[in-house]
Amino acid sequence: MNLQIMKMLRRLLRSDAELNRSRGKETQVHPALRMAAAFLFVILSAVSVNAIFTIAVLAGALLMTAMKKAREIPELLKAPAAASLLSLLITLPAVFLGSPATMLTVTMKVFTSVLILALLNNHLRWQEMTAAFGTLGMPQIFVFTLDMTMRFLVILGRYSNEILEAVSLRRIGKKTWKNAGTGGVLGSTYLHAVRAAEGTSEAQTCRCFRGEYKNYRKYRFGIRDAGMIALMALVTAFFIYTCVLAAKAS
Amino acid sequence: MIELQNVSYGYGGETALKDFSYSFEKGKCYVIQGPNGCGKSTLFRILNGLSFASRGKYLFDGEEITEKYLRDKQHAYDFHRRIGFAFQRSEIQLFCSTVEEEIAFGLWQLGLSEEEVHRRTEEYLRQLSLENVRYRMPVNLSGGEQKRCALASVLAMEPEVVILDEPESGLDEDGQEWVRKFLTELKSPERLLIVATHSKEFARDLADVRLYMNREHSLDHAEK
């Protein structure tokens, strides 16, 4: 349990440190556009009736993955591999029913979708993602709740990690799960969460919180944003073309 | 500016504050000292309208501050706009995703223009030496940086009253020195500063008036 918490914290902290190091050039394409593009590609891949389109999108996603640093690639491919393996198992009966293409198509689509989302997760820091939700028209309270959730994940993760370390030190030689005092750890963490939430609410009251939650940083539309929009239009046009092709073929 | 008349506070049979009476004047720095559990934090919570006296009166510029009074949103807004409070544990009061947003948060609530929000945010990032961590998540900062971020987020709103609960706690020597210097520069005829601390040196350097609380949760004596 301790190790899982540390892994999660490491991811969040690395994301935070990377954002600070990039010093305001966080991402050169507006995060909202990146998210919109990712969702568009996922949806089009899912509804595509022509395998050519899905293969083309998959090729693009794999190309982006290949351009990543070597140590990042296995992390990126873990989730798509697991999802497509599961999909393969679920659609395996299709082979025996005389439709092996169905199994391959579904598996390929699942792999493509999950890989696109993994790439999005890798490209965007979580602060950019929550800010992008705001730009895409999500209610401010939704964005605020997301940010609060991430914050509490860090705070409670650290707190429960410290308690687990203390428990580990105290029960040297005793390794049973029963003796781990898990109930106490969870209870303490819960109480800490309640106190922290109350403290946050009071801090917001002291700063006259009236529900306004805006992004400080404003992105400027640039040439790369135009390029992303053009790419989205091109992919959509290609999708339509492949649909027409499929319609003609049938 | 702030007047407390026989203010008492208790919960679950426990007394947290007993018959506290004092008047705080604008333009001065009051340092409150006392043993752990004497009621300093309770006093600050009452001053900030987070808790309410079970007995006695709390007057802010002649207006009695009660739970009913602060239930009115406009009253609450006007009150909290004029008082800034930095909690003892900075982690609690930092809840935005980046340091610059933390400072800008209060300014958005004040309804200031975008230009003014940016101007003040940049100014306080500079003053509190937070420019190199401006994109960091506040809860991931070091203790000293969190303290500075909390101070910046409060001071950016330019309140008339600034209340600080043990601002030097958890900091190393350099950090404490920095806070001491910063608060000395913060003193002005237009501002009321109320600080709680355990440090005698801190109190000696900063205070115009030193208030001592005792274990009976009341005000023992005041020194000028």
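Predicted model: local features only at pLDDT ≥ 70, side-chain atom pairs only at ≥ 80, totals over all residues.
Reader: Which element gives the most to the lining of the second largest cavity?
Author: The second largest cavity, with a volume of about 70 Å³, is lined by 13 residues, and the closest to its centre include Cys206(A) and Arg207(A) as well as Phe85(B). Two or more lining residues come from each of helix 9 of chain A, helix 3 (73-82) of chain B and strand 6 (83-86) of chain B. By class, the lining holds eight nonpolar, three polar and two charged residues. The element that gives the most, with three residues, is strand 6 of chain B.

Reader: Which three residues supply more than any other three of the area that chain A buries against chain B?
Author: Between the two chains about 3600 Å² is buried, with 57% of this given by carbon and sulfur atoms, and 38 residues of chain A are in contact with 43 residues of chain B. A share of 27% of what chain A buries against chain B comes from Cys206(A), Arg207(A) and Tyr216(A).

Reader: Which residue of chain B does the side chain of Arg207(A) meet in a salt bridge?
Author: Across the interface of chain A and chain B the rule finds two salt bridges, while eight residue pairs are counted in polar contact. In one salt bridge, with an N to O distance of 2.7 Å, the side chain of Arg207(A) meets that of Glu102(B).

Methods. Residues numbered from 1 in each chain as written. Chains lettered and ligands numbered in written order. Heavy atoms only, no water. Contact = heavy atoms within 4.5 Å. Buried area = accessible area lost by both parts, 1.4 Å probe. Salt bridge = Lys/Arg side-chain N within 4 Å of Asp/Glu carboxyl O. Polar contact = N/O pair within 3.5 Å; in protein donor to acceptor, adjacent residues only side chain to side chain. 1 Å grid on protein atoms, 1.4 Å probe; cavity = no way out; pocket = protein on both sides within 12 Å on 5 of 7 lines; lining within 4 Å. Points joined across faces, edges and corners; volume = space filled by probe spheres on them. Helix = DSSP H or I, 4+ residues; strand = E, 2+ residues; numbered from the N terminus. Nonpolar A, V, L, I, M, F, W, Y, C, P; charged D, E, K, R; others polar.
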